[in-house]
Amino acid sequence: MEQPNKQDVKIQLTIAKQQGKLVEVHNIKGDEYFNVGFIVGLDNYFCLMISIDWDGKINGLIAIRIESISAVNDQTDYLTTVSEKTKVAHENHYFDIWRVQQFLDDHPEITTGNILINVLRDSADNHLPVVIGTKKYQGVDDFSGMIHDLNEITLNLHYFNEKDLSSMWTYDILISQIDYVRSRGTQMATTKQILEDVFHQD
């Protein structure tokens, strides 16, 4: 199947944002895993999604590099199932336990301008953990930790390896090499707990 070009992908993302569509965003080649959610922000390089998990609840925010997206799908059976689950999540008051929608309502500026830098700065300024995926590892590995230094070119991440909690590690990452960033959701909360309990970092 022919891969869509960047402009086609951006058009699909723009339509999804304008229409408030629940979509699948496939950005890791050869991986059955993909992101499900609502597009809330776009610039020339990144889209920002409210991520929805398999239980139909908000799982945080994810900024994804448009260049890495291979497909944007809507109206699939999978999305129909997730959509039905969101109804249950709404009815039982666990749809947005991380108050992501409230955060976006209070800080609409994060959805405009430089999406990637906005998300990184929000996490750095508020001392919130992030999960970062890079072009180098293409979804094979990502990094959970705290941003300790950030500028327009690089960031310094203090992260841990969940299979080796003997110490924290440091990774200098070029902003241009970041494929996706997850923030303000389940992974943020679990990373924060591990940093507090295992590494005694608040």
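Predicted model: local features only at pLDDT ≥ 70, side-chain atom pairs only at ≥ 80, totals over all residues.
Hi everyone, let me start with a definition: helices (H or I, at least four residues) and strands (E, at least two) are DSSP runs, numbered from the N terminus. Residues are numbered from 1 along each chain as its sequence is written, and side-chain values use heavy atoms, with hydrogens and water left out.

Let's begin with the sheet. It is open and has ten strands in the order E5-E1-E2-E3-E4-E10-E6-E7-E8-E9, with antiparallel pairing. Its edges are strand E5 (71–73) and strand E9 (164–174), each of which pairs on one side only. From one strand to the next the twist averages 35°; axes here are lines fitted to C-alpha atoms, for helices over the stretch in contact, and angles run from 0 to 180 degrees between N-to-C directions. As for pairing, two strands pair if DSSP finds at least two bridges between them.

At the E9 end, strand E8 (residues 154–161) and E9 pair in the antiparallel sense over seven bridges. One of the pairings sets Thr-154 against Leu-174 in E9. Helix H1 (residues 6–19) packs on the sheet, touching strand E1 (22–26), strand E2 (35–42), strand E3 (46–52) and E5, and its direction makes about 90° with that of E2. Contact, by the way, means heavy atoms within 4.5 Å.

Now to E1, and a word on burial: buried means under 20% relative accessible area, exposed over 50%, partly exposed in between (1.4 Å probe, protein chains only). Five of the five residues of E1 are buried, so the strand is largely enclosed by the rest of the structure. In a regular strand, side chains alternate between the two faces of the sheet. In E1, Leu-22, Glu-24 and His-26 point one way and Val-23 and Val-25 the other way, and all are buried. E1 pairs with E2 over four antiparallel bridges, and Val-23 has Gly-37 as its bridge partner in E2. With E5, E1 makes three antiparallel bridges, and there Val-25 has Val-72 as its partner.

E6 has two antiparallel partners: four bridges join E6 to strand E7 (residues 142–150), and four join E6 to E10. On the E7 side, Gly-133 has Asp-142 as its bridge partner, and on the E10 side Thr-134 stands opposite Ile-178.

That brings us to the cavity search. On a 1 Å grid over the protein atoms alone, a cavity is a set of points where a 1.4 Å probe fits but cannot get out, and lining residues have an atom within 4 Å of a point. Grid points are joined across faces, edges and corners, and a volume is the space filled by probe spheres set on the points. How many cavities of 30 Å³ or more does a search of the whole structure find? The search finds one, and about 50 Å³ of space lies in the largest cavity.

Its lining is made up of Asn-59, Pro-129, Val-130, Val-131, Arg-182, Ser-183, Gly-185, Thr-186, Gln-187 and Met-188. By class, these residues divide into four nonpolar, five polar and one charged; Ala, Val, Leu, Ile, Met, Phe, Trp, Tyr, Cys and Pro count as nonpolar, Asp, Glu, Lys and Arg as charged, and the others, Gly among them, as polar. Strand E6 (130–134), strand E10 (178–183) and helix H5 (186–197) each supply at least two residues of the lining. H5 gives the largest share, three residues.

At 2% relative accessibility, Gly-185 counts as buried. Leaving aside neighbours within four places in sequence, Gly-185 is in contact with Asn-59, Gly-60 and Trp-98.

Ser-51, in strand E3, is worth a click too. At 4% relative accessibility, Ser-51 counts as buried. Beyond its neighbours within four places in sequence, Ser-51 has contacts including Asn-59, Gly-60 and Arg-182.

Last stop, helix H4 (residues 115–125): eight of its eleven residues are buried, so H4 is largely enclosed by the rest of the structure. Among the buried ones are Leu-116, Val-119, Leu-120 and Asp-122. Just after H4, His-127 takes a positive phi of about 55°. Thanks, everyone!

Methods
1 Å grid on protein atoms, 1.4 Å probe; cavity = no way out; pocket = protein on both sides within 12 Å on 5 of 7 lines; lining within 4 Å.
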